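Please consult the structure shown here while reading.

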Amino acid sequence: MKKEEAVQGFRALMQEINHLTCMEEEMMWDTRVNLPPRGAEYRSELMGYLSGQKYKLKTSPRMWEYLQELSQYTFDDVILNRMQEVARRDYDRLTKIPADLEARYAKHGIMTELIWQDARQNNDYESVKGVLKNSFEFKREYARCFGCDSVMDYLLDNWEQGCTTAQVDGIFSDIKGYVLPLLDKIRASGKPYSRQKLQGFYPREQQLALIHDVTALVGYNHEAGRIGESAHPFTLRICPRDDMRFTVTIHETDFTNALISSLHEGGHALYGI
């Protein structure tokens with residue numbers, strides 16, 4: 001295989017994976033924002049299928065051949081170099097995980113999300129306790145694939161490569177050293193905390209208009225995104241740069257919840273635009 005052939009083939013394969021990822025994100029948005037309850041079961045089947053297809057591409061013989069070939073060369077293209085790093089990490093990680101586990105967990109995640117939404121609305125912990133227990137067991141199963149003694153170390157490394165519980169404990173220890181004395185000082189001041197001045201009725205439409213203006217002020221491009229409503233705020237990149245969406249949760253008796261979360265989620269969206 002020639003160098004240029006390997007580069008073009010690798011880029012094409014990564015594009016296939018990216019297309020599937022965008023489909024997953026689009027479906028996740030629809031699941032959390034628009035999906036009717038009776039559509040949940042089939043939606044979980046579709047998400048499981050897409051997850052399985054991504055797994056096959058990321059661990060395919062084609063991927064291994066391209067990575068092996070490209071490792072022989074030095075490239076000035078920093079994006080191509082980073083793509084190789086990500087693809088190799090995914091290959092090394094996923095080849096330790098059975099394809100069936102990936103598909104089962106994707107299906108479980110969708111069903112859990114929808115069960116949790118109903119449970120949250122009805123303040124019904126008992127109905128979500130079983131699926132939550134299964135979620136923990138899935139994570140333990142993943143950690144066992146890597147021979148990890150600490151499930152949390154495995155989870156942290158997935159989201160922040162190289163991060164460990166020991167590092168996080170150190171960070172929290174530093175934060176506590178500042179926050180706890182500050183909290184003691186506030187309590188000792190004798191000034192009571194009250195949200196009474198914020199109490200009132202704040203119509204949903206006016207909150208959304210405020211959120212639109214505030215996020216535009218900090219740089220969020222409403223032509224390259226959308227703000228929706230969901231049981232819990234989240235941010236999704238539907239496609240690179242041109243479709244970064246986020247949601248808020250509106251409470252008409254408390255505008256601060258949606259306003260603050262819009263700045264938080266909007267910050268994630270700004271990072272992706």
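## Helix contact and pocket

The crossing of H1 and H5 is right-handed, meaning that the near helix is turned clockwise from the far one by less than a right angle. The contact involves Met28, Thr31 and Arg32 of H1 together with Ile110, Glu113, Leu114 and Gln117 of H5, where contact means heavy atoms within 4.5 Å. The axes of helix H1 (residues 3-33) and helix H5 (residues 99-122) come within 10 Å and cross at roughly 20°. H1 and H5 are therefore roughly parallel to each other, a term for angles under 35 degrees.

The model is predicted: local features need pLDDT of at least 70 and side-chain atom pairs pLDDT 80 or more, whereas totals for chains, interfaces and linings use all residues. Residues are numbered from 1 along each chain as its sequence is written, and side-chain values use heavy atoms, without hydrogens and water.

The second largest pocket holds about 340 Å³ of space. Its lining has 17 residues, and the closest to its centre are Leu114, Gln117, Asp118, Gln121 and Ala231. H5 gives the largest share of this lining, 6 residues. The table lists the residue classes; Ala, Val, Leu, Ile, Met, Phe, Trp, Tyr, Cys and Pro count as nonpolar, Asp, Glu, Lys and Arg as charged, and the others, Gly among them, as polar.

| Class | Lining of the second largest pocket |
|---|---|
| Nonpolar | 8 residues |
| Polar | 5 residues |

Notes. Axes are lines fitted to C-alpha atoms, for helices over the stretch in contact, and angles run from 0 to 180 degrees between N-to-C directions. Helices (H or I, at least four residues) and strands (E, at least two) are DSSP runs, numbered from the N terminus. Angles under 35 degrees count as roughly parallel, over 145 as roughly antiparallel, 65 to 115 as roughly perpendicular and the rest as oblique. On a 1 Å grid over the protein atoms alone, a cavity is a set of points where a 1.4 Å probe fits but cannot get out, and a pocket is an open set with protein on both sides within 12 Å along at least five of seven lines; lining residues have an atom within 4 Å of a point. Grid points are joined across faces, edges and corners, and a volume is the space filled by probe spheres set on the points.
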